[in-house]
Amino acid sequence: MTAIVNLLFLRVSQVGKSVQSRVRRAVYGLPPYSPGKPIWEVEQELGLQHVIKLASNENPFGPSPKAQKAMANYLAQLHRYPDANAYTLRRAISAHCDVAWDQVMVGNGADELITLISETFLAEGDEVIIPHPTFSEYAFGTHLMDAKPCLVGLSDRFEYDLEAVQNAVTTRTKLIFFCSPNNPTGTYIRKKEFEQFLATLSSHAIVVFDAAYSDYATAEDYTDGLEYVKKGCPIIALHTFSKIYGLAGIRVGFGISTPEIVGFINRVKEPFNVNVLAQVGAAAALDDREHVSRSKLGNESGRNELYQAFESLGICYLPSMSNFIFDPHRRTN
Ligand SMILES: Cc1ncc(COP(=O)(O)O)c(C=O)c1O
C-alpha cells in the first residue's frame, strides 16, 4: 500500500513539474493580483461587524438609481446573448464624449482594456514606461506579454516628472502609461505640461491615459486626455463605470482613441466581453447626471473635511484630485 501511495505521489509531482515547464515564462513569473479584501473577509478575520471598506475607491453613494432600474427591467431577457458590439452603450458613450462611435471601445472593466491593450501592442523586448508608484495593472499587462517595464519615479512631491518620462523613451518604447489623477497618490498631470510632453513624443509610442478618477477632479488645469484624442494624438483615454458611477460590481470600462487603434484592440477581445446587464446599466448610469454630480460634490466636501481633520491632528496628506487621499510618508513598493 505504502509503495502504491509513493508511486502515486511521484507521478503527481512529475505532472506538476511538467506543467510548470510548459507554462509561458512570462506567466510563471507573474505575481497574482492582490485585491482589496471584501468586507465579509475582514469581518471574519478580525471578528468585527459593520466594517466600512475604503480599499477599492468605490463610490459610497452606491450605484446610480437609473442604472439599477434599467438592469432590473432587463432581467427577463437574460436568455439572450449580449450585443457583441455593445452598440447602444458605445453610441451613448460616443454622444457623451462627442466622438465617433468607432472611437469607443468597451471592456469588462478598465482592467480588461489594459490587458487587451497590452495583448494588442506588446511583444517580448518591447519597452513600456510606467510611473511609480501607480496602479498595478499596467505592470501586469507588460509582464504578461514579456515586455520590459521601465519605471519612472514620481517627483519628491509625488507629481509626474514628464521630463524624466521623456528621457526614458527609446526606440523600443511601445506604450507609455499615465494615470491622472494617479492611483494611489491623487496627484494629476497639468494640462500645459502634458501638451509640452506630447509635442516631443515620437510617433512609435502610444500613450495610455488612464482617467478612471477624472470625474472627481476639480482643478481647472486638469485634463482627462480626451481633447488630445480628438486632435488625433496617439492616445488611448481610459475610463471606468466602477468609480463615480458606482458600478464596480458589474464590470464596465471604456476607452476612446482613433478608429484604427480601437479596431485593432477589438480584434483581441472576446466576442461577448461586456455582459447585457453591464451594457444596459452603464448606458443608464451615463445619463444619470444627478447621481454623478451628487457623488462629485459629496466627494469634494468629504475631501475638505478630511483635510481639516488631518491638519488639526497633524497628519500629513497630499491634496487629492480623486476619491482617496495619500499619506506621503507611506512606503510604496
Ligand atoms: C487607475 C485605475 N484604473 C483602472 C482601474 C480599474 O477599473 P475597473 O474596475 O473598470 O476595472 C482602477 C481600479 O481601481 C484604477 O484605480
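These notebook entries record what I looked up in a predicted model.

**Ground rules.** Local features need pLDDT of at least 70 and side-chain atom pairs count only at pLDDT 80 or more, while totals for chains, interfaces and linings use all residues. Residues are numbered from 1 along each chain as its sequence is written, and side-chain values use heavy atoms, with hydrogens and water left out.

I found a cis peptide bond between His132 and Pro133, with omega about 0°. Pro133 sits in the loop between strand 2 (127-132) and helix 7 (137-144); helices (H or I, at least four residues) and strands (E, at least two) are DSSP runs, numbered from the N terminus. Asn183 and Pro184 are also joined by a cis bond, with omega about 20°. Pro184 is in the loop between strand 4 (173-179) and helix 9 (191-200).

**Positive phi.** I looked up His50, which is not a glycine but has a positive phi of about 55°. His50 lies in the loop between helix 3 (39-46) and helix 4. Asn57 is found in the loop between helix 3 and helix 4, and its phi is near 55°. His50 is exposed at 72% relative accessibility, whereas Asn57 is buried at 11% (buried means under 20% relative accessible area, exposed over 50%, partly exposed in between; 1.4 Å probe, protein chains only).

**Phe241.** I listed its contacts (heavy atoms within 4.5 Å), leaving out residues up to four places away in sequence. Among them are Leu89, Ile93, Phe254, Ala282 and Leu286.
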